[in-house]
Amino acid sequence: MNPLISTLITIGVVLGGVLGGCSYLIWLERKVAAWMQDRVGPNRVGKFGLLQPIADGMKFLLKEDVIPSHVNKVLFLLAPTISVMTTMLALAVVPIGPTTTDSTSWQAMIAPGIDIGIVFIFAVTSLAVYGIILGGWASNNKYSALGSLRASAQVVSYEIPLGMSILGIALLSGSLNLETILQRQAEGGIGSWNIWFQPLAAMIFFTSALAESNRLPFDLPECEQELVGGYHTEYSALKFGMFFLAEYTHVITVSFLMAIMFFGGWNFPWIATPDSHYAGAWIVKFAVLHTKVLACITFVMLLRWTLPRFRFDQLMGLAWKVFIPLSLCNVVCTMFVRQFSLSWWWLLPVSLALVIITGLISMTPSPKRAASPLQH
Amino acid sequence: MDSELATFQPVLIFIVVLIGFVITNLILAHTIGPRKKTPVKQMPYESGMDPVGDARQPFDVKFYLVAILFLVFDVELLFLYPWAVSAYAGPNGIDPVLSDLVFGVMLVFMATLVIAYVYAWRKGVFRWR
């Protein structure tokens with residue numbers, strides 16, 4: 001098939017999947033929230049409220065789109081555009097189905113064979129901070145300004161542990177290409193999934209990525225009780241929907257990355273290995289990958305209703321004082337294991353020990369902090 | 001076009017499709033839906049109060065400090081990526097003869113990084129209050 005046409009078809013599938021996925025994830029999130037709070041959740045529109053996402057979408061479209069007179073119009077329109085575009089663009093290098101490293105055959109992703117894979121994703125998603133800053137500044141509203149300041153400080157801070165946690169994977173795989181990383185894990189089976197060798201990196205990556213996407217417990221930029229809506233206070237109708245879409249797309253991308261980089265992607269013992277060539281193997285692999293992704297997304301939703309929101313100094317402290325030294329330790333440990341050709345399994349106890357030591361240090365009250373809680 | 005760049009062709013197509021997608025969204029938002037301008041709707045939303053003063057005020061210098069530190073660490077990260085990929089990549093990576101030298105250099109690099117980090121910590125950059 002003509003590569004242009006197959007690319008366009010893949011793009012269509014990804015875009016459609018993301019749009020449909022996002023709207024049904026909102027439904028899932030509301031159901032999970034209701035279940036955790038002992039409520040019923042959406043159940044009016046269709047069976048089990050299954051048509052609720054469509055109704056919500058129509059509502060986004062049909063509501064009045066207010067552009068207040070005090071905003072900077074060009075930047076005001078540009079902000080949600082940048083948010084949506086950057087988060088979506090990151091999906092270009094993410095395998096959305098089973099892939100191999102064979103460059104001649106068709107792969108279930110938009111742009112196969114990009115060697116800088118993960119760096120591309122980081123480069124593109126870090127541009128999303130422009131959407132936040134522009135949205136907050138152009139709105140010319142005090143809530144928006146405060147929200148965007150907080151958001152940009154937060155996103156910028158968590159960018160560093162996020163990038164550092166990947167270095168361990170790069171050291172182990174010798175590549176930043178997501179298909180190659182996946183292939184190494186798939187060929188080794190469940191015992192070679194990166195989660196066994198980089199549990200600390202997985203934890204840091206997941207937490208930082210949550211902070212990047214402004215999800216609870218890191219949703220300080222848009223905490224309702226203090227800042228109304230944060231940087232999107234002045235946005236309404238479909239433009240608000242675009243910010244919303246960007247947030248959920250980010251969660252989807254992060255879940256895909258977690259599943260692919262740490263949990264072996266489409267690999268599963270016996271039923272989905274590189275050697276399984278039975279009829280329907282492709283579909284099984286696809287299902288395995290998407291089950292992992294869905295499990296990760298559900299975990300994010302459960303977290304949302306389990307953990308309270310951080311305070312801002314705690315949030316910045318977590319990034320700068322905990323995650324950066326921890327991820328640097330992780331890189332150095334991985335480097336030693338690789339340099340002296342030790343068993344990779346050494347990394348598992350070392351990572352767990354690092355986590356425990358960090359916990360012990362943070363629980364020991366420092367004399368200054370214990371003096372008086374009121375004294376700043 | 002060489003093959004390395006050709007892999008980015010689908011990304012380019014994706015960008016074009018995405019631009020089309022967001023522009024359609026903006027136009028849809030603009031055309032569908034009622035439009036009734038009232039003076040109250042045109043005001044900045046401040047929980048029902050009349051806004052006092054301007055939103056564009058000077059803000060805390062700590063945000064600048066965080067941004068500057070981010071620049072330092074981010075640039076340092078960019079130096080680490082090529083090393084991490086090629087250090088132990090076998091035949092495609094660094095020559096095994098240089099392996100020990102690279103290892104030592106990286107340890108020195110990270111040590112300088114830690115010194116800068118400790119300096120920033122002692123200076124109280126991370127103390128947010």
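This is a predicted model: local features need pLDDT of at least 70, side-chain atom pairs count only at pLDDT 80 or more; totals for chains, interfaces and linings use all residues.

Residues are numbered from 1 along each chain as its sequence is written, chains are lettered from A and ligands numbered from 1 in the order in which they are written, and side-chain values use heavy atoms, with hydrogens and water left out.

Between chain A and chain B about 6,500 Å² is buried, 75% of it on carbon and sulfur atoms; buried area here is the accessible area (1.4 Å probe) that two parts lose on being put together, summed over both. Chain A contributes 79 residues to this contact and chain B 66 residues, where contact means heavy atoms within 4.5 Å.

Over all chains, the search of the whole structure gives three salt bridges. In one such pair, A:Arg304 and A:Glu29 bring their closest N and O atoms to 3.0 Å. This pair links distant parts of the chain, 275 residues apart, since A:Arg304 lies in helix α12 (residues 281–304) of chain A and A:Glu29 in helix α1 (residues 3–36) of chain A; helices (H or I, at least four residues) and strands (E, at least two) are DSSP runs, numbered from the N terminus.

One helix pair spans the two chains: helix α11 (residues 237–261) of chain A packs with helix α2 (residues 9–31) of chain B at an angle of about 145°, with axes 9 Å apart. Axes are lines fitted to C-alpha atoms, for helices over the stretch in contact, and angles run from 0 to 180 degrees between N-to-C directions. From α11(A), residues including A:Leu238 and A:Met242 meet a set in α2(B) that includes B:Phe21 and B:Leu26.

Within chain A, the axes of α11(A) and helix α7 (residues 178–188) come within 9 Å and cross at roughly 40°, and the two helices are therefore oblique to each other. Here A:Leu178, A:Ile181, A:Leu182 and A:Gln185 of α7(A) meet A:Leu257, A:Ile260 and A:Met261 of α11(A).

Helix α5 (residues 128–139) and helix α6 (residues 142–173) of chain A pack at about 160°, their axes 8 Å apart, and are therefore roughly antiparallel; angles under 35 degrees count as roughly parallel, over 145 as roughly antiparallel, 65 to 115 as roughly perpendicular and the rest as oblique.

Terms used: A salt bridge is a side-chain nitrogen of Lys or Arg within 4 Å of a carboxyl oxygen of Asp or Glu.
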